[in-house]
Amino acid sequence: MPLVRPHKFATTTMDKQPLLLVQVRTAGGTIGIGEGVVPGGPWWGGESVETMQVIIEKYLAPVVLGRRADEITGIMLDLERVVAGAHFAKAAVDVALHDAWARALGVPVHTLLGGAFRDSIEVTWALGAAPVAQIVEEAQHKLDQRLHYSFKLKMGALDPAEDTARVVAVATALRGKAGVRVDINARWDRLTALRYLPALVEGGVELIEQPTPREQFEVLAELNRLLPVPIMADESVQSPHDALEVARRRAADVIAVKTTKCGGLARSREVVAIARAAGIACHGATSIEGPIGTAASIHFACSQPGIDYGSELFGPLLFAEELLVEPLRYAEGRVGLPAGPGLGVELNPDAVKTFTRN
């Protein structure tokens, strides 16, 4: 899917987002849809839409065929025995099964997760990698439209001093208007983080996401003790065990929960439960999902009180084309919970056909 503008990470830039749509059909004719998506390619978690397609068609689908749609727990356990890792591929199957089961019952997906306790969640917008004046203009436009009231900037691709000066300039321009956060995508080492993170905080940055490599929990814990603003763990938490490790070490005050990287809705609930028991906040993070993956994450976030630090479920707003018959509802800095059975959204078959590739 083409994007409205390039989206930059620490190691890559994307101007389009590949999506893998996964369909589950029940004997009764009910169809559930899941979505396989990674943030900008295999650099983040080692998966791509191409690898997901092979894993699902050759290894996961044979385990699912012939099972009941409400056997999600058993199916996902069996998938773990067949394929190690592959969390993004498994998440696509997990969501498709939830969608099919909920549609067969005539209830929304959030009902299967315990029911929604809110009907929307706030959404932080990720700003681009343009010059400072252009970034500030983009943020001001979002504020004027009342679409977003907090913003995130990616770091890690530039020289740390230059990168820090750029972010501080944006934070200074938006001071008193909106919150500014940064995501370093695990690209800085300990000494770089110790040198430049205090300057970011002094410049007005309100949260630091994953400054150092994912496996260095002790470094993340050190930084979390030193800084007066929250550290958010993303790459460091891809499983319930990772969440437990962060909790044990007090390595972060916030965990970025992506239903994709965790392997689906069921495993994401385990991550949130551990964090909540430890008093760690959770953020509804994004892999730049399309509307199916985003809808699934909205149902999850609106049914989990542990998702208490907002979200970044802006993915569809970054897409230049619409895949749904009725778009998701973004307004007043929030995204609404879709109504109706299953995920509550319907794909536009013509749009899907237009963008399908072999």
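1. H1 and H3 cross in a right-handed sense (right-handed if the near helix is turned clockwise from the far one by less than a right angle, left-handed if anticlockwise). Their axes come within 10 Å and cross at roughly 50°, with axes being lines fitted to C-alpha atoms, for helices over the stretch in contact, and angles running from 0 to 180 degrees between N-to-C directions. H1 and H3 are therefore oblique to each other; under 35 degrees counts as roughly parallel, over 145 as roughly antiparallel, 65 to 115 as roughly perpendicular and the rest as oblique. On the H1 side the contact is made by Met 52, Ile 55, Ile 56, Leu 60 and Val 64, and on the H3 side by Phe 88, Ala 89, Lys 90, Ala 92, Val 93 and Leu 97 (contact means heavy atoms within 4.5 Å). By class that is 10 nonpolar, no polar and one charged residues, where Ala, Val, Leu, Ile, Met, Phe, Trp, Tyr, Cys and Pro count as nonpolar, Asp, Glu, Lys and Arg as charged, and the others, Gly among them, as polar.

2. A word on the basis. This is a predicted model, with local features needing pLDDT of at least 70 and side-chain atom pairs counting only at pLDDT 80 or more, while totals for chains, interfaces and linings use all residues. Residues are numbered from 1 along each chain as its sequence is written, and side-chain values use heavy atoms, with hydrogens and water left out. As for element names, helices (H or I, at least four residues) and strands (E, at least two) are DSSP runs, numbered from the N terminus.

3. Next, H3 against H2. Helix H2 (residues 72-82) and helix H3 (residues 87-105) pack at an angle of about 165°, and their axes are 11 Å apart. H2 and H3 are therefore roughly antiparallel, and their crossing is right-handed. H2 brings Ile 72, Ile 75, Met 76, Leu 79 and Glu 80 to meet Lys 90, Val 93, Asp 94, Leu 97, His 98 and Trp 101 of H3. Sorted by class, the contact of H2 with H3 has seven nonpolar, one polar and three charged residues. Note that Lys 90, Val 93 and Leu 97 of H3 turn up here and also in the contact with H1.

4. H3 has a contact with H10 too. The angle between H3 and H10 is about 105° and their axes lie 8 Å apart. That makes H3 roughly perpendicular to H10. From H3, His 87, Asp 94, Val 95 and His 98 meet Leu 265, Ala 266 and Arg 267 of H10. The contact divides into three nonpolar, two polar and two charged residues.

5. Now the open spaces. The largest pocket has a volume of about 1,100 Å³. On a 1 Å grid over the protein atoms alone, a pocket is an open set of points with protein on both sides within 12 Å along at least five of seven lines, a cavity is a set where a 1.4 Å probe fits but cannot get out, and lining residues have an atom within 4 Å of a point. Grid points are joined across faces, edges and corners, and volume is the space filled by probe spheres set on the points. This pocket is lined by 42 residues, with Leu 20, Leu 21, Val 22, Gln 23 and Ile 56 nearest its centre. Strand E3 (20-25), helix H1 (49-64), H3 and helix H13 (349-355) each supply at least two lining residues, and H1 gives the most, with eight. The lining of the largest pocket has 26 nonpolar, eight polar and eight charged residues.

6. The second largest pocket holds about 280 Å³ of space. Of its 16 lining residues, Thr 73, Met 76, Ala 266, Arg 267 and Glu 270 are closest to the centre. H2, H3 and helix H10 (265-277) each give two or more residues to this lining, with H2 giving the most, five.
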